[in-house]
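Thanks for coming. I will show one structure and talk through a few parts of it.

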Amino acid sequence: MGRYILRRLIESIPVVILASLLVFSLLHFIPGDPASILAGQDATDEEVQAIRESLGLNRPILTQLTDWWLGLLQADLGDSFRTGRPVIEMIRINALPTLELAVVSYSITLLLGIFFGVMAGVKVRSAWDWFVSLSTIFFIGIPNFVFGILLLWAVAFSLGWLPIGGRVAVWDDPVAGLKTLALPALTLGTTQAAVLARYTRTAVSQVTQQQYVTTARAKGLTERVVVMRHVLKNSLIPTITLSGLQVASILTGSVVIERVFSRPGLGRVVVDSVQARDIPTIQGVLLVLVAVFILVNLVADLLYGVVDPRIRLEA
Amino acid sequence: MSEMAVEERRAPAKPRAERSLLWTTTREIVLKNPMGMTGAILLTVLVVAGLGAPLVAPHDPLEQFRGQRLLGPSTEFWLGTDALSRDLFSRILYGLRASLLVSIFATGLGVLIGVSAGLVAGYAGGLTDSIIMRLVDTMMAFPGLILSIGLLAVFGVGIQSVALALGLGAWPGFTRLARGQMLAERSRDYVVAARALGASSKRIIFRHIAINAMPPLIVQCALAMATAVLAEASLGFLGIGTVAPAPSLGSLINDARARLELPHLLIAPAAALGLFLLSLNLLADAINDAMDPHRRRR
Amino acid sequence: MSNFIDLGVMVGRRRLLRGAALGAAGLAGAALIGCGEDDDDPTPAATAGGGGGGSTASATPTPAASDIKRGGTLLVDSGEPNPNVLLFGFNVRNRPIQHTVWEQLIGLTPDFQIDNRLAETFELNADSSALHVVLREGVTFHDGRPLTADDVAYSVDFFSNAESSGQLKGPLSQGIAEVKVVDDRTIDFTFNGPRPALVDMFGLTRIVDRNTAAQIPDMANLVGTGPFKFVSYTPDQGYRLERNENYWREGIPYLDAIEGKVYADDAARELALRSGELHWADAMPNAIVASLQNDSSVRVRSRGKAGMEHMGLVTTKPPFDDVRVRRAVMLAIDRQRLSDEWAEGIVAGTALPWPVESPAYNEDQDFPVGVSYDPDAAAALLAEAGVAGTQITLQVGSGEDAVSLAQYVQDDLNAVGLQTELVILEPSVALAQLRSREIQSNAWIGVHGFANYAHPGSMMNAAQQYQVPNASGYESEAYSALLDRLQAVQLGSAEFDAGVREFNQLLLDEPWIVGLVASEEFRIMNSVVQGDEGGNLSVVKSSFAEWWLDA
């Protein structure tokens, strides 16, 4: 097991290095000049040049790269052009609302996805099954941000049950916090739940056709026990791989959903930064998200290895 | 891909068996599968409406009709007018057109880069393969939409940039697919035999791949197109896709968000986008079913 | 209100960089990007006969003490402050910090009299070519150090020098010939000739602590003499200011603290205002202002016409080298439609670059009296010039509102026979072209803030649109002479009135900047906020210091 973990870790190193190189190089060919935007309309060329110098934009590209890498090792992602603050600080602050949204969304995904998936899988062609199939089709056709606006229109705008947007930190005011979280989390959570449910349904229906389930049923165990003890455990193994992807989808989705519900977060930072040509911030956020993705997938792989010994042996 | 195309052209007329396979497959997809049929019909309508927007649209999508601002649906303006007194229906058609063009271009670019890289990786093996596949792994590690946003910062905002950014994000999937096919073909008996006879195996391999890889490639294309459509809409919604005044489905939806009291402004473009995505996915599913012998038997 | 509103930034916040506004970056770039001030914090007007600026110690009328509730924290929003331009870029979102931590020598009273702040005496000589200042006694910085004349000299120098930038730089560095610190409380300035408009600049020049001024961009240690002390700032979250117990005005401020909050976007700010989570916000988009006007839990106060959305014409190449074509544009714009639709009916159309309260503003010269919408006359002028059906390019920086405004203009021009093609530029490119005065297209869409309504020379000094050289390439000896004359003219004199009338008429007759619609700034307050009276242009009092919460 230790060797397996080690191997997977080593395998991800070149990806991390390549990713950082990609992030760095891409954003250094931006056509617009951040110094020019900062200076404004009435500045002179000398002023623009001075700003460029103070931002370090006129150094040789290789120097900028090595400085950037050295900075990364010390968790220094540079300073934002837009706010003049360390990027790492902006990420730390904005990661919180995004994380909060992602955690609640993912909980909804797991809860709804597994529940409906199991129900549909155990009773193929039942109403449960139809419901899962229909919602899958629904969520294929409805992108998450459209679903979000529809929810917003129905629940918040027309019925007035929940706030239209904004964010209150859950630890400041739990009730208000959850109210602002409800719609965005529901949007992201149910979209992914449909995917998970379909996946779980397939896995469960396959497992239920296995001999040991038939045996268990034949032993006279109640359906509940059969499902809980035999079906669930075995059918959830393949869904672990999916979980890594789903966490990634939820994080990506939050970029757009934050916008729908006027929430602060990493998504807002990255979009604002594109418009302001805030290179260090874009780089920082991209890098952090990529790192999270690699990590999440690694954990999912490792978990898979834990529950399914065959994977370990293969490695 | 280009190499494959050339090979296709050089190849003699398809044997009868192959042609009829193509026919049966198509029939399988469209006629025998209600989902596939729905997808195909929907997609045809949307493609005709979108690509033919200049002919189909009742009005110029940018023309302002003075004093006819934010109207509801009428015979003159089928879906009403927007805040700048423009015809919403025409704007949706042109948005659909933009979406189509972007997704076609992005998918094409993805196929071009991805398939060539995959074939090269699979054929050459060794270090080349390792380098290409590490690059693929790296690209796959990026969250799709965020990568596109980063690329947009490089290219600047605009429909061409969006197409390019999405294309550059779409290729790794195709690389994996093409490489897998190549690896499978290389070890086939006929190649080994051909090699033993001293013949060049290149030609024969590419021809076989072209035939065998087509079904999964088509499925992958449909899915990549759906991804591109969704991404284009998301970027438009975030305000970093197409540049106003050009309409995009995403930007139309974003405009509607500010005027929730007029829900038709939201529902119309959302429906167009939804049907587009649905049709692509249904069709991809149907093709997949038709190609998969295991599922076909069911 | 003062005079200089940083429209570029204000408009920029929603239209250009969407909450990512970079300091002073405005799309169209307010001419006076640097000079954002606000009503409560006025610029001095050189009052009629500007000679001897009066200097009685100010006694701002105080409301009946019994009504006022002390304490509480005012929750304000003006977006993410921009530390890089905290002092010199005059960013609208920096205002709550700018206006409470630092003070100027003087301000303005509602009737345009000089209102002494840190100055006990502020005296101009008869032709406004020299200034004598005596500082108020017993004023200390937040760190306890007494304010001295050296700090004033330092601050003037600070804003005159290139690194500090901003619109103060030009006028101060070109206008002031000599600064002489007489003693700890006395300082004398000699100007390069009569400069009545410079008084305004003193009204904008904040007195900074010379020991910490260089650290201002760090936003960690902001030291001034103002009613509130800076406590902390967290990017993307907000900042906190607390009551200055040693403020030189007895019993002021009433509030314990001001907390600045940063919201994700305008919709979130609107929501927070409605729910009472936020007490005060400004720089809201027209559509939101229009809907908030119907909400009884908030008060919407206009700060009046605060800037001008305009179309700039490049006069150095065809077709706008022909003055008839430029006049045609002036007549082709349907300003009423811009006001009704683009501005959601809350801001008026205009063709003159002055606030309505400005002595330079003459209603009879403005839309709809002096300039009216006449597409037929416009088409006739174009035909006469032989350019009917000519293709022109109109450039605009990307951004929803700007591009939408450009489309209205495009539609108007197409209607009279100028085939207009929109060129949408990266904001940085649009700014660079304006800055270098080299516009690639035939015309552009922009916005500028207003200069001092008390003295037009201030705007002439800072707004590139009306300077020579300008991005339109408009110049003439007569125009340069007029600018020089306006610079030195005393406010309220007959020469002043004749001069501004001539300027206005020139702008309407040979338009190089075509006014479209006013840019108006609205601030929205929760109804618990009291003491904020004076939200309109002409009333000015110390901001935030006298506010209190009736909670």
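Let me start with a question: which residues of S10(C) are on its covered face, and which are on its uncovered one? Keep in mind that this is a predicted model. The covered face of S10(C) has Ile258(C) and Gly260(C). On the uncovered face are Ala257(C), Glu259(C) and Lys261(C). As a general point, side chains in a regular strand alternate between the two faces of the sheet.

Now the partners of this strand. Strand S9 of chain C, residues 238-243, runs antiparallel to S10(C), with 5 bridges. Here Glu242(C) has Ala257(C) as its bridge partner.

Next, the whole sheet. It is an open sheet of 10 strands in chain C, with mixed pairing, and the order is S8-S9-S10-S1-S11-S16-S12-S15-S13-S14. Why is one side of S8 and of S14 left without a neighbour? Strands S8 (228-234) and S14 (419-425) of chain C stand at the edges, and each has a single partner strand, so one side of each has no neighbour in the sheet. From one strand to the next, the twist averages 25°.

Last, the contact with another chain. In chain C, 11 residues are in contact with 10 residues of chain B. Helix H11 of chain C, residues 400-416, gives the largest share of chain C's side, 5 residues. By class, that side of chain C has 5 charged, 3 polar and 3 nonpolar residues.

Key. Residues numbered from 1 in each chain as written. Chains lettered and ligands numbered in written order. Predicted model: local features only at pLDDT ≥ 70, side-chain atom pairs only at ≥ 80, totals over all residues. Pairing = 2+ DSSP bridges. Helix = DSSP H or I, 4+ residues; strand = E, 2+ residues; numbered from the N terminus. Axes fitted to C-alpha atoms, helices over the stretch in contact; angles between N-to-C directions. Contact = placed C-beta atoms within 7 Å. Nonpolar A, V, L, I, M, F, W, Y, C, P; charged D, E, K, R; others polar. Buried ≥ 20, exposed ≤ 12 C-beta atoms within 10 Å, placed from the backbone.
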